[in-house]
Amino acid sequence: MASDDTTLSAQVNRLNVNEEEPSGTAPSELVTVVDDLLAQLQTKFSNVSAELVGKLDEMSRRLDNLEATIQASNAPQADEGESK
């Protein structure tokens, strides 16, 4: 992740966006940098989304297993209670 930030910082520094005097940077270079940034953000968002969905699926499976275990452990007690 740090390499992405370093890359972006290097691009901004190269473009001299923060300087008040004109840097001679073509608008197309700025568009390219912004497009690259948006692509990086889209990739990161997709990765985080996929990871989040995966974790939610895993949590769902674990909760289902826990529920099944609880029901299985309560079943013999319920049977014993009915036979008394």
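Before counting anything, I note what counts: helices are DSSP runs of H or I with at least four residues, strands are runs of E with at least two, and numbering starts from the N terminus. I also keep in mind that this is a predicted model.

Entry, secondary structure. I looked up the elements and got two helices and zero strands. Helix H2 covers residues 27–83.

Entry, burial. How many of the 84 residues count as buried? I get 4% for the protein, with the cut-off for buried set at under 20% relative accessible area.

Entry, surface. I put the accessible surface at about 7100 Å². Carbon and sulfur atoms account for 57% of that.

Entry, salt bridges. I searched the whole structure and found one salt bridge. Its partners are Arg-61 and Glu-58, and their closest N and O atoms sit 3.1 Å apart. Where are the two in the chain? Both belong to helix H2, three residues apart, so about one helical turn separates Arg-61 from Glu-58.

Entry, nonpolar patch. Which residues make the nonpolar surface patch? I list Leu-52, Leu-56, Met-59, Leu-63, Leu-66 and Ile-70, together giving about 570 Å². I followed up on Ile-70, which lies in helix H2. Its relative accessible area is 43%, so I log Ile-70 as partly exposed.

Note on methods: Residues numbered from 1 in each chain as written. Predicted model: local features only at pLDDT ≥ 70, side-chain atom pairs only at ≥ 80, totals over all residues. Heavy atoms only, no water. Buried < 20%, exposed > 50% of the residue type's maximum accessible area, 1.4 Å probe, protein only. Areas by Shrake-Rupley, 256 points an atom, 1.4 Å probe, with all protein chains shown as cover. Salt bridge = Lys/Arg side-chain N within 4 Å of Asp/Glu carboxyl O. Patch = residues over 30% accessible without salt bridge, like charges linked within 9 Å, V, L, I, M, F, W, Y side chains within 5 Å.
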